Every structure is written in C-alpha cells, then in structure tokens.
Amino acid sequence: MAQMQLTLQPRLQAIADLVPQGSRIADVGTDHGYLPIYLLQRNRISCAIATDIRPGPLEHGKRTAREWGREHQISFRLCDGLAEVSPQEVDTVVIAGMGGETIAAILDAVPWCHEKELLLQPMSRAEFLRPWLAAHHYRILEEQLVLDKGHIYPILRATGGQMDPPSPGERYYGFSKVECPLFRDYLQDWCRRLQLASDGLRNTREPGARLYALEEALRALKEKEGTL
C-alpha cells in the first residue's frame with residue numbers, strides 16, 4: 001500500500017511548486033510545518049530548517065513532523081526570522097504568511113539572503129515589499145497569483161541583484177503575467193481599494209501628498225485595466 005502523503009491548501013501548494021528540486025530550504029514562520037513535510041515526502045528537497053518566533057506553533061510543527069515520520073529531516077528553531085540560521089545551511093528561503101513590512105524586516109536583518117533564492121508570499125502590504133526589494137538590491141524574477149479561501153495572494157520569486165523601481169502601478173498590481181486568469185480580478189480589487197482610500201482622504205482637510213500618490217497609482221491601474 002502506498003504511503004499517505006500530505007496535501008496542501010492552494011497558497012502553500014503554489015509556493016511548493018516554485019521550490020527548486022534538491023533545495024535545502026529555510027521555512028520562516030513555519031507554523032504547522034506542512035510545507036517542508038510535503039516537499040520531503042516528494043523528494044523535492046534534501047533537508048529543511050523550520051523557524052518560528054512563537055514556541056506554540058513551533059511545537060505544533062514538531063508534532064506534525066513526528067506524525068508524518070519526518071522529524072529527523074527538519075531542524076526546528078525558535079527564533080526571529082532567520083536569526084538562528086547560517087547561510088551555509090540553506091539555498092532557498094521561504095517567507096510566507098506574514099505582512100510585507102515584516103518580510104522586509106526579516107530580509108534586512110540577514111544580508112546573506114542576497115545570495116539565495118527567495119520565495120516571498122506577503123499576506124498584506126505587497127505594495128510596500130516590491131519597492132523595498134528594488135531599493136535594497138533584490139530583483140524580482142517572477143510573480144504569481146493564487147486564489148485561496150476567497151482571497152488572491154501574490155508570490156514573489158526573488159534573489160539578489162538590480163531592478164528598476166516599480167512604477168506607481170506596479171507597486172500595487174505587481175509583475176505577474178497579464179495572461180494569468182487572476183490578474184484582472186487582482187487589478188480590479190486594487191482599483192476598488194485605492195478608490196476608497198482616495199475618496200476618504202479627499203474628504204479630509206489636508207489630503208496632501210498621500211492623496212496625490214494614491215491618485216497617481218489609481219490612474220496607472222485604470223490605464224492597465226484598459227489594456228486588458
């Protein structure tokens with residue numbers, strides 16, 4: 001009888017599909033530990049380091065690894081981001097399930113990430129993360145969108161290098177291919193959100209530069225929408 005294998009929700013599955021064959025991964029904020037277990041079961045990775053800043057989720061991850069017989073292939077470490085991981089141990093870093101500003105702070109603390117393959121999945125503030133990467137000598141190699149539980153999430157594959165700063169529109173709609181079935185919905189969702197934010201600021205006494213930036217981005221998004 002074939003051994004049972006773990007299945008993943010769409011968001012984690014999309015990340016797993018981008019992990020290079022034979023990688024040694026660091027899964028930051030691993031929580032249940034599902035991603036490294038899935039990849040080990042399918043011989044996609046040789047080993048994994050799973051980190052979490054909270055003891056509870058890390059213990060949960062350890063229990064899950066034991067249940068699936070993978071506890072000897074995953075090193076669980078209680079730390080902030082990659083603080084207890086050395087560059088010699090990994091070649092692919094996954095940071096998923098947290099805000100874009102938190103992801104940026106984790107990368108900022110470990111300059112050796114410039115030498116690694118990065119898979120970044122911001123749950124929010126992707127519009128902050130994209131320009132931050134460009135300003136801190138990272139380049140986005142590709143971007144994908146995934147629908148999970150009614151929400152569309154971006155996944156960025158990046159590494160060290162140079163890229164032009166994202167345009168006002170690219171900050172929000174990103175770099176996924178317009179042929180992606182989710183791109184139009186992602187773009188239209190951002191149009192709605194920016195319109196609401198712009199309307200709210202316009203009714204204040206001193207809208208200022210923030211309103212100008214929002215309206216500039218909104219114009220860029222509507223222009224992009226018009227090309228689809």
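Q: Where does Arg 125 sit in this predicted model?
A: Arg 125 is in the loop between β5 (117–124) and α5 (126–135).

Q: What's its phi doing?
A: Arg 125 isn't a glycine, yet its phi is positive, about 60°.

Q: Is Arg 125 buried, exposed or partly exposed?
A: Arg 125 has 34% relative accessibility, so it counts as partly exposed, since that class lies between the 20% and 50% cut-offs.

Q: What about His 137, what's the phi there?
A: Positive too: the phi of His 137 is near 65°, and His 137 is a residue other than glycine.

Q: And where is His 137?
A: In the loop between α5 and β6 (138–148). His 137 has 45% relative accessibility, so it goes down as partly exposed.

Q: OK, on to the strands. Which residue takes a positive phi in the hairpin of β6 and β7?
A: That's Lys 149, with phi near 55°. The hairpin has two residues between the strands.

Q: How do β6 and β7 pair, and over how many bridges?
A: They pair in the antiparallel sense, over 10 bridges. To pick one spot, Leu 147 has Ile 152 of β7 as its bridge partner.

Q: How many bridges link β5 and β7?
A: Three, and that pairing is antiparallel as well. Leu 120 has its bridge partner in β7, namely Leu 156.

Q: So is β7 mostly covered or mostly open?
A: Mostly covered. Strand β7 spans residues 151–160, and eight of its 10 residues are buried.

Q: Switching to helices: at what angle do α1 and α2 cross?
A: Roughly 50°, with the axes coming within 10 Å. Helix α1 is residues 10–18 and helix α2 is residues 34–41.

Q: Left-handed or right-handed?
A: The crossing of α1 and α2 is right-handed.

Q: Which residues make the contact?
A: From α1 you have Leu 12, Gln 13, Ile 15 and Ala 16. From α2 the contact residues are Tyr 34, Leu 35, Tyr 38 and Leu 39.

Q: How many of those are nonpolar, polar or charged?
A: The contact of α1 with α2 has seven nonpolar residues, one polar and no charged ones.

Methods:
Residues are numbered from 1 along each chain as its sequence is written. This is a predicted model: local features need pLDDT of at least 70, side-chain atom pairs count only at pLDDT 80 or more; totals for chains, interfaces and linings use all residues. Side-chain values use heavy atoms; hydrogens and water are left out. Helices (H or I, at least four residues) and strands (E, at least two) are DSSP runs, numbered from the N terminus. Buried means under 20% relative accessible area, exposed over 50%, partly exposed in between (1.4 Å probe, protein chains only). Axes are lines fitted to C-alpha atoms, for helices over the stretch in contact, and angles run from 0 to 180 degrees between N-to-C directions. A crossing is left-handed if the near helix is turned anticlockwise from the far one by less than a right angle, and right-handed if clockwise. Contact means heavy atoms within 4.5 Å. Ala, Val, Leu, Ile, Met, Phe, Trp, Tyr, Cys and Pro count as nonpolar, Asp, Glu, Lys and Arg as charged, and the others, Gly among them, as polar. Two strands pair if DSSP finds at least two bridges between them.
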